Amino acid sequence: MDLAPVYDPLDHQTLVDPYPLYAELRANRPIFWHDTMRSWVLTRYRDCRDVLKNYQDYARDRRRVGEDVPEFRQSLQSLDPPHQAPLRSLLMSSFRNQEPVQIAQRVQGRLQSLFDRLAERDTFDLMTEVAAPIALSVTSELIGVAEPDGPTYAEISEGIAYRMDAGLAPERAAVGDSARHRLNQLVENWLGDEDRPGVLSDVRNRAQQAQVPEHYIRNTTGMMFNASYGTIYATAGNVVLTLLRRPDLLDAIRADPRLLPTAVDELIRYDGPAQGTSRVAVCRMVVDDTVIEPGDIVLTLLAAANRDPDQFTDPERIVLDRAPNQHLSFGWGPHACVGALFGRAAIRELIVGLLRAPRRLRLAGTPTRRPTATVRTIGILPVTFHPEFAAD
Ligand code: HEM
């Protein structure tokens, strides 16, 4: 049965709050065909995790179902095990060589000077003034490249987020392709720059020995830069909005800072940016009574799985000390996020920054959502440090 008319990820109400619809789908049609996206949509935790884990039967690499993957699209993301192993382990070990504490300290320093300056203003947009510069500086420092101009990169990242929805709105492909082209130019500049400490230099120094072709490094650098910037930016907005709407949560962390590590994961589970990710079936698969044919696309709705009551007790509630908390916001299996440690660190520092800010941050107006379905992001988040400008 085609549920495209029921589930329109770009519908305004769904963009504002998709979770009631996810709950309904999970309960009544946990797996269904979506005509517009030409995909099977999976909403249950166990089904989504099974697909992400089972790379033998569900591929990321479209060459495994006979499609062509042009060289400019070949990156860590387009390779499955065992072929992804040299590049993936090269990256993982480079990430392990980075210093999360040092990066966290720099973020904290930057946040404090941002908040001191912004405390002088009546109101400001948290996305432009805080989420974007923090995402850009963490990403540039971690990867070890010159920080691009903020507004320019914001445009590139927005274009790429639109590109991810091309299956729903084909006109978004063109704007996304031009953004990717601009990102590729940045990558060329970075590769021509002098070496800086960070993941890129580490990876480049060891790529030859690890027998990873040069174009994989080039393509993965751009993909990784945007995977980091786009998700830290979006997560920062989602998490801060949750905390603004529920000041008791920040009070609880202030009263017991030991809650911080589990709180970070719980807030990312509760409203993470990546709504879904897809794979292609390599062979005929049966899930419940649904037959998935080879070549069919399977979309795992991570955000729906993250609120599955069969996996999480009281999933609609934010439980700051939730443990275990095996949410899917960083994916699962061989393509799980390589930068999760640093994504968590950035969000943790943001929360610490809010706790240390000279005054309590409050909502100063109605937040607007960006009309992107794959990456759930706030467009504008009006906030203030001055009670007289607060909307609450
Ligand atoms: C809170 C922040 C972050 C979130 C929510 C997040 C989320 C995700 C998710 C859901 C995936 C899996 C996609 C899939 O299975 O198709 C992923 C993959 C990835 N992420 Fe992250 N991410 C974050 C931060 C970062 C950072 C800081 C970096 C790097 C500096 C990064 C780099 C990557 C890369 C390279 C992949 C592709 C891995 C592969 O395909 O093997 N991410 N991320």
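This is a predicted model: local features need pLDDT of at least 70, side-chain atom pairs count only at pLDDT 80 or more; totals for chains, interfaces and linings use all residues.
Local features are given where pLDDT is at least 70 and side-chain atom pairs where it is 80 or more, whereas totals for chains, interfaces and linings use all residues. Residues are numbered from 1 along each chain as its sequence is written, and side-chain values use heavy atoms, with hydrogens and water left out.

## Overall form

The protein has 14 helices and twelve strands, where helices (H or I, at least four residues) and strands (E, at least two) are DSSP runs numbered from the N terminus. Its C-alpha atoms fill a box of roughly 60 × 55 × 40 Å along the principal axes. The radius of gyration, taken over C-alpha atoms, is 21 Å, which agrees with the value near 21 Å for a compact globule of 392 residues; the globule rule is 2.2 Å times the number of residues to the power 0.38.

Of the 392 residues, 57% count as buried, a term that means under 20% relative accessible area, with exposed meaning over 50% and partly exposed lying in between (1.4 Å probe, protein chains only). The accessible surface comes to about 17400 Å², and 50% of that surface belongs to carbon and sulfur atoms; these areas come from the Shrake-Rupley method with a 1.4 Å probe, and for residues only the protein chains shown count as cover.

Contact means heavy atoms within 4.5 Å, and among the contacts in the protein with a separation of 6 or more, 72% are between residues 24 or more positions apart.

## Nonpolar cores

A nonpolar core is a set of buried Ala, Val, Leu, Ile, Met, Phe, Trp, Tyr and Cys residues joined through side-chain atoms within 4.5 Å. The largest has 83 residues, of which Val 130, Ile 351, Leu 361 and Leu 381 touch the most other members. Helix 10 (residues 214-245) gives the most to this core, with 13 residues. Apart from this core lies another, of 18 residues, among them Trp 33, Cys 48, Leu 52 and Met 285.

When residues up to four places away in sequence are not counted, Ile 351 touches Val 239, Leu 243, Leu 250, Ile 253, Leu 260, Val 264 and Leu 267.

In helix 9 (residues 199-207), the buried residues are Val 199, Leu 200, Ser 201, Asp 202, Val 203 and Ala 207. These buried residues pack against helix 4 (85-96), helix 6 (126-143), helix 8 (172-192) and helix 10.

Helix 3 has Tyr 45, Asp 47, Cys 48, Val 51 and Leu 52 as buried residues. Their cover includes strand 2, strand 3 (58-59), strand 5 (277-281), strand 6 (285-287), strand 8 (297-300) and helix 13 (302-305).

Val 51 counts as buried because its relative accessibility is 2%. Leaving out residues up to four places away in sequence, Val 51 touches Leu 42, Tyr 58, Arg 279, Val 298 and Thr 300. Val 51 and Val 280 are 229 residues apart in sequence, with their C-alpha atoms 9.7 Å apart in space.

Thr 43 lies in the loop between strand 2 (39-42) and helix 3 (45-53), and it counts as buried because its relative accessibility is 0%. A separation of 9.0 Å lies between the C-alpha atoms of Thr 43 and Phe 32, which are eleven residues apart along the chain.

## Backbone features in loops

Most residues other than glycine have a negative phi, and most peptide bonds are trans. The table lists departures from both patterns.

| Site | Backbone value |
|---|---|
| Pro 81 to Pro 82 | cis peptide bond, omega near 0° |
| Ala 323 to Pro 324 | cis peptide bond, omega near -5° |
| Arg 38 | positive phi, near 50° |
| Gln 211 | positive phi, near 60° |

Pro 82 is placed in the loop between strand 3 and helix 4, while Pro 324 lies in the loop between helix 13 and helix 14 (340-356). Arg 38 belongs to the loop between strand 1 (31-34) and strand 2. Gln 211 is found in the loop between helix 9 and helix 10, and it is exposed, with a relative accessible area of 69%.
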